[in-house]
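Trainee: I am new to this structure. Please take me through it with questions and answers.

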Amino acid sequence: MIMETRSSVPINNEWDIVQARQLGRQISREMGFGHVDQARITTAISELARNIYLYANNGEITIEPIVNLGKKGLKITSRDKGPGIKDIRLVMQDGYTTSGGLGAGLPGVKRLMDIFKIDSTLEKGTNIVAIKWLR
Amino acid sequence: MPKVVIKYIKDKRKEINEAWMRKMAEELPEFPNYRAPNQNLSNANDNFVDVIYTYLLNIENTDDVRDFIKKIMKLEVPINYLSIGLQVFRRVVMEVIKRSEKDPENLLELYEHTDRVVEPIFNQLIKDTTETWERTISIQKSELLELSAPLIPILDRISVMPLVGTIDTERAKLIMENLLQGVIDHHAEVVLIDITGVPVVDTMVAHHIIQASEAVRLVGSKCILVGIRPEIAQTIVNLGIELDQFPTKSSLQRGIEEALKITERKVITITEGNGKQ
Ligand SMILES: Nc1ncnc2c1ncn2[C@@H]1O[C@H](COP(=O)(O)OP(=O)(O)OP(=O)(O)O)[C@@H](O)[C@H]1O
Ligand SMILES: [Mg+2]
């Protein structure tokens, strides 16, 4: 994979969530994603950033255009040093929530994006990578 | 002692003022307003140097200063005018001292004292400016928040809440409050929530809207969600959020038609002339 410019937004408060998704919207628009995919990417960023804010307090969202075998895509990385996730299969189920939410965020991001990888260690933190290919 | 410096500044006020005007015109030629000398002291708030004197002499009536700061707030005066104005003031004072002081031995000390006189003015001015600024911003913020979730009664028993912009936790709370209060105040049987202007509908926003409509249902009214843009409809489906228990209409117009139906009314066209419906 060849990396182009990469942008990061630290997530410390609710306002940072808006900042991260605005950046995502801007980059996806510049890359030529259509309206629906722009909305998907922006929403996915919103979910990941809000999870950081809610469950880990602080973290970072990185947004970068990537190229893989001539295919262009947008890669979103969510990183935090929060409590981590014990049972990944459980949190990926629709409706599972520990905060009285809809429990739709993580399974939603998986459906919104083309590639979804989650890597979490208890008491160490959580790393999530999600990619959307440009069609 | 800074007293000596203060005495200079007081005694040579006219000289300092004139020199300051001249220098400022050189430094900031783009702001000719501030060049015009002020003979009239009642007009003092137009003049930065007078403001400095107000600070310097601890004049009780600080209205001049407040007016001046208001101008900065309104951006009639650029903020860098403050720092440049004070720097020029210090330089002018130093020049006056240099010209008047006979003993060059004292000069270095007097320069230092000039700094000590000007610094607190600068700090105070910055403090007052930022405080006014912060107050203005906080007032604007609460005003904006009040406007951010208005419930508008449009027809008998029908109200609309148009939402524009990002929805955060604070605003979500306000949406709920205004919705319930409005339903009670306006006796609305149907409320239309228009999300045309909401840029992102994520799980949090969806959750708040679902909760709000649930609450409206509990007080005996009905919520209809309108203005779901096609791309938002897509992402809601992707998120796996079920809106089927939730009445939705594509546009505000369709929503109003539905609301009329619910309240057992409809819009008819009256043809002019023959009075036929
Ligand atoms: N970064 C994270 N660190 C630790 N735990 C997390 C993190 N992200 C998610 N979780 C856990 O996974 C659960 C499911 O997350 P998900 O985003 O799917 O739903 P939710 O945040 O509870 O509700 P919502 O539908 O509003 O997103 C959360 O309730 C939380 O317990
Ligand atoms: Mg979530």
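Trainee: How many charged residues does the lining of the second largest pocket have?

Mentor: This is a predicted model, where local features need pLDDT of at least 70, side-chain atom pairs count only at pLDDT 80 or more, and totals for chains, interfaces and linings use all residues. Residues are numbered from 1 along each chain as its sequence is written, chains are lettered from A and ligands numbered from 1 in the order in which they are written, and side-chain values use heavy atoms, with hydrogens and water left out. A pocket is an open set of points on a 1 Å grid over the protein atoms alone where a 1.4 Å probe fits, with protein on both sides within 12 Å along at least five of seven lines, and lining residues have an atom within 4 Å of a point. Sorted by class (Ala, Val, Leu, Ile, Met, Phe, Trp, Tyr, Cys and Pro nonpolar; Asp, Glu, Lys and Arg charged; the others, Gly among them, polar), this lining has four nonpolar, four polar and, as charged residues, five.

Trainee: Which element gives the largest share of the lining of the second largest pocket?

Mentor: This pocket has a volume of about 440 Å³ (the space filled by probe spheres set on grid points joined across faces, edges and corners). Its lining counts 13 residues, and the closest to its centre are Trp15(A), Leu144(B), Leu145(B), Asp168(B) and Arg171(B). Two or more residues each come from helix H1 (14-31) of chain A and from H6 and helix H7 (169-185) of chain B (helices are DSSP runs of H or I with at least four residues, strands runs of E with at least two, numbered from the N terminus). The largest share, three residues, belongs to H6(B).

Trainee: Which element supplies the largest share of the lining of the largest pocket?

Mentor: The largest pocket holds about 830 Å³ of space. It is lined by 40 residues, of which Asn51(A), Leu54(A), Tyr55(A), Thr98(A) and Ser99(A) are the closest to its centre. By class the lining divides into 17 nonpolar, 17 polar and six charged residues. Nine residues, the largest share, come from H2(A).

Trainee: Which helix holds both Glu112(B) and Arg116(B)?

Mentor: The side chains of Glu112(B) and Arg116(B) meet in a salt bridge of 3.2 Å, N to O. Glu112(B) is partly exposed at 46% relative accessibility, and Arg116(B) is partly exposed at 45%. The two are four residues apart, about one helical turn, in helix H6 (residues 107-147) of chain B.

Trainee: Is Glu231(B) buried or exposed?

Mentor: Glu231(B) lies in helix H9 (residues 230-238) of chain B. Leaving out residues up to four places away in sequence, Glu231(B) touches His35(A), Val36(A) and Ala39(A) (contact means heavy atoms within 4.5 Å). Since its relative accessible area is 14%, Glu231(B) is buried.

Trainee: What is the phi of Glu123(A)?

Mentor: Most residues other than glycine have a negative phi. Glu123(A) sits in the loop between strand E5 (115-121) and E6 of chain A, and counts as exposed at 72% relative accessibility. Although Glu123(A) is not a glycine, its phi is positive, about 65°.

Methods:
Salt bridge = Lys/Arg side-chain N within 4 Å of Asp/Glu carboxyl O. Buried < 20%, exposed > 50% of the residue type's maximum accessible area, 1.4 Å probe, protein only.
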